[in-house]
Amino acid sequence: MRYWISALIWVVAAVAYAQAHLPVREMRVDWDRGSPKVSFSARDLADESVRQELSSGLRKRLQVTVSAHFKGSNRRMAVRQFTCDVTRDLWEDGYVVRIGTGSLSFKTLDQVLDHCLAVKGLFVGEPKSYASREGREIYFYVRAEFNPISKKQCQELIRPSPGDDPVGPITVSIVRRRICQAERTLEFRSDFSRVPE
Amino acid sequence: MSRFERKILFAIGLAVFLALGGSIFLAQGALREVYRVGVNERFGAELVHGVEARRAQLMALRASTELAADAVRWAVEAGVRSERETEALGPLLETLLQRYEVIQAIRVTDSRGREIARVSRPTTPGQAMRSTVREREATVGNATLLIAVEVAVPEMYFARLQQAGEAADVYSRLQRQSASVSDIYVWVFGVLVFLVIVVAFLLGAILSRRVTSRVAALAEASRQVGAGDFTVTLPTGARDEISELTQAFNAMVRDLRESRTRIEYLQRISAWQDFARRLAHEIKNPLTPIQLAAQEMAETYPGDDEAYRHKLEHARAIIEEEVATLRRLVGEFSAFAKLPSADLSASDLCELMQAIEDSIPAMLEDIGRGSGAPVEVRVSCATRPIPVRMDLMMLKRGLDNIVRNAIQAAYSTKPSGGGRVLVRAYATDHKAFVEVRDNGPGIPEEDWDRVFDPYYTTKPEGTGLGLAIVKKVVLEHGGEVRLDRAPEGGARFRIELPLTGPR
């Protein structure tokens with residue numbers, strides 16, 4: 001029992017430490033019919049190297065994940081993720097951005113970045129996620145990633161050699177996590193706010 | 001955990017750790033080398049060059065479409081003089097379509113937007129194409145014609161560029177992470193090796209415990225034997241050196257137990273012999289004065305009282321009879337007390353059988369009180385000599401007792417005939433045996449251990465010394481005598497003697 005309590009204390013302390021060291025960025029939070037709508041900018045994810053990569057003619061991914069957490073806890077109340085697959089059109093001048101099943105065309109890269117990294121009024125979770133938690137302090141955690149290789153694609157690209165080798169699948173799994181992670185990641189959180197009564 | 005077990009576990013752990021630790025070290029070097037060969041800058045650069053080449057190819061294609069559109073414009077301007085001379089436009093556009101593969105269709109409209117010519121290439125089924133339209137304005141006479149050139153390249157070119165880019169991307173990531181990836185392999189290998197070490201260690205512990213527990217049991221049994229407990233017997237299951245050691249230990253304890261039993265018995269017999277000697281001495285001395293006194297009392301009676309004289313004579317007869325019985329007992333006690341130790345010499349057990357056979361008629365006469373007891377006695381021996389070290393006279397004396405008892409038992413059960421006694425000698429690989437069995441009433445099993453004790457007898461006139469003498473003699477021969485039930489239902493005595501040579 002003592003070990004469980006100590007482990008719990010360690011987890012709480014680690015979470016509090018991680019939250020304290022996460023950069024805080026100004027985010028606008030509006031509540032609409034019981035759900036928060038967040039607005040923020042993660043355009044600084046696109047540094048010079050990212051801009052070059054986005055202009056390479058190859059399809060590159062911009063992925064933004066926003067999640068709501070209780071203060072002092074790692075427990076996630078709600079999460080929202082959206083992905084832009086950006087391709088500079090070498091055939092025509094401009095950029096093609098695919099979001100889900102639809103696609104949009106933009107003339108400039110800045111327009112693309114505005115659309116994908118400057119988030120305006122993004123709903124994070126359903127009203128039921130916040131129901132009966134009125135008055136509790138929460139924060140929003142944002143993780144913006146450039147070019148994370150999707151799990152499916154990663155599995156296709158890095159495969160264990162066929163056979164009964166027990167080391168291969170384990171190692172490949174770890175290597176995938178390492179190799180397929182985003183080329184650039186930006187993390188920050190909002191200030192603490194309260195779920196409205 | 002015993003010290004022995006700890007040492008074995010330490011040895012197992014050390015051996016496994018050294019072997020597998022060495023393999024990790026070697027694997028690390030080998031992996032890094034393999035990774036260095038497989039993932040290096042040159043391959044990475046070639047992949048990037050491949051991507052650039054595909055991109056350049058696409059850009060060149062794009063440039064070629066622009067050139068093709070320009071070429072169409074120039075050809076139209078050169079081949080058509082005015083907006084009204086459009087009949088030459090069709091063949092001209094067909095020629096251009098054949099010349100430039102990238103062109104899919106050409107459409108010419110006049111300044112009012114009316115289509116004045118159109119040519120197109122039939123589409124190739126199953127091939128996805130990415131097309132676009134390059135527009136040009138051609139000045140023909142005073143008019144301006146709008147030329148829309150539809151150009152297309154296979155979608156596959158873009159897909160290949162994307163695939164090449166992704167491969168180069170992953171390779172570039174692998175290259176950047178090369179050190180850590182090879183370390184991951186080593187770590188995973190190390191973890192698996194550690195698990196193997198743990199499993200090997202546990203297996204070693206289990207197996208060593210099976211060995212060490214048996215060694216510990218041997219040590220504990222040795223301590224018990226040292227403390228005088230000779231009843232210890234250890235189980236012998238597996239067929240290995242420890243099992244052989246256990247078997248040897250059990251045999252040693254069994255020998256010790258038998259030796260101690262033998263020694264104890266001989267000590268007890270010796271004490272009984274001492275007691276018999278004293279008893280014989282103390283009883284023998286007053287017997288003669290008692291007998292003489294009784295005779296004198298009877299013979300020197302001076303009176304005339306016939307009844308009293310008769311009483312005296314009767315008393316004298318009783319005293320003389322009892323004195324005679326006492327003399328016989330004293331004689332037997334004395335003989336038991338003076339029983340010498342066996343003087344062993346190399347002999348053939350069949351000689352003993354012959355001697356026994358010779359004495360059978362006298363025994364039958366004696367037991368039958370002069371008329372010969374109707375008991376069938378068969379004496380047999382192996383066809384080959386049975387070499388043993390024995391004192392023929394002593395052993396015959398002991399065996400006589402057993403045979404006599406057997407005949408008496410058979411005779412008592414079947415006095416009118418039908419009694420049988422079998423005396424036979426035989427040998428196995430290491431032991432010689434003399435077996436005496438009868439079809440008499442047998443001896444109750446609860447008495448089997450006591451019949452060899454001195455003075456234990458079930459016969460009214462017995463002294464209980466016969467079987468004690470037998471056992472003493474047999475023990476002095478390094479043998480053993482046992483009693484059990486004969487197949488015929490009577491008693492079976494089996495004397496076991498060590499063989500002294502090959503048969």
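Modeller: Domain bounds in this structure come from an automatic or database domain assignment. The model is a predicted one, in which local features need pLDDT of at least 70, side-chain atom pairs count only at pLDDT 80 or more, and totals for chains, interfaces and linings use all residues. Residues are numbered from 1 along each chain as its sequence is written, chains are lettered from A and ligands numbered from 1 in the order in which they are written, and side-chain values use heavy atoms, with hydrogens and water left out.

Biologist: Thanks! What volume does the largest pocket have?

Modeller: About 1400 Å³. The space is called a pocket because it is an open set of points on a 1 Å grid over the protein atoms alone, where a 1.4 Å probe fits, with protein on both sides within 12 Å along at least five of seven lines. The volume is the space filled by probe spheres set on those points, joined across faces, edges and corners.

Biologist: Which residues lie closest to its centre?

Modeller: Arg404(B), Asn405(B), Gln408(B), Lys459(B) and Gly462(B), out of 39 lining residues; to count as lining, a residue needs an atom within 4 Å of a point. Two or more residues come from each of α7 (306-337), α8 (349-367), α9 (392-413), α10 (466-476) and β11 (491-498) of chain B. Of these, α9(B) gives the largest share, 10 residues. The element names follow DSSP runs, numbered from the N terminus: helices (H or I) of at least four residues and strands (E) of at least two.

Biologist: How do you know which domains of chain B the lining of the largest pocket draws on?

Modeller: Go by the domain bounds: domain 2 (230-338) and domain 3 (342-498) of chain B each supply at least three residues.

Biologist: Which residues are nearest the centre of the second largest pocket?

Modeller: That pocket holds about 420 Å³ of space. Thr261(B), Asp449(B), Lys471(B), Glu480(B) and Val481(B) lie nearest its centre, among 17 lining residues. Elements giving two or more residues are α6 (241-299), α10 and β10 (480-485) of chain B, and α6(B) has the largest share with seven. By residue type, six are nonpolar, one is polar and 10 are charged.

Biologist: Asp449(B) is on that list; why is Asp449(B) called exposed?

Modeller: Exposed means over 50% relative accessible area, buried under 20%, and partly exposed in between (1.4 Å probe, protein chains only). Asp449(B) has 71%, so it is exposed. Asp449(B) sits in the loop between β9 (431-438) and α10 of chain B.

Biologist: Gly440(B) is in that loop too, between β9 and α10 of chain B. Why is Gly440(B) called buried?

Modeller: Its relative accessible area is 8%, so Gly440(B) counts as buried.

Biologist: Now the rings. What makes the pair of Tyr139(A) and Phe192(A) edge-to-face?

Modeller: There are eight aromatic pairs over all chains. Rings of Phe, Tyr and Trp (its six-membered ring) pair if their centres lie within 6.5 Å; planes under 30 degrees apart count as stacked, over 60 as edge-to-face and the rest as tilted. Tyr139(A) and Phe192(A) have centres 5.7 Å apart and planes at 85°, so they form an edge-to-face pair. Tyr139(A) is in strand β8 (residues 137-146) and Phe192(A) in the loop between β9 (184-189) and β10 (193-194) of chain A, so the pair ties together parts 53 residues apart in sequence.

Biologist: How do you know whether Tyr139(A) is buried or exposed?

Modeller: Tyr139(A) is at 3% relative accessibility, so it counts as buried. Phe192(A), at 28%, is partly exposed.

Biologist: What makes the pair of Tyr426(B) and Phe433(B) stacked?

Modeller: The planes of Tyr426(B) and Phe433(B) are 15° apart, with 5.2 Å centre to centre, and that angle makes the pair stacked. Both residues are buried.

Biologist: Which charged residue sits over the ring of Phe192(A)?

Modeller: Lys71(A), with its charged end 4.9 Å from the ring centre. The rule asks for NZ of Lys or CZ of Arg within 6 Å of the ring centre and within 35 degrees of the ring normal. Likewise, Arg25(A) lies over the face of Phe188(A), 4.2 Å from the ring centre.

Definitions and conventions. Nonpolar A, V, L, I, M, F, W, Y, C, P; charged D, E, K, R; others polar.
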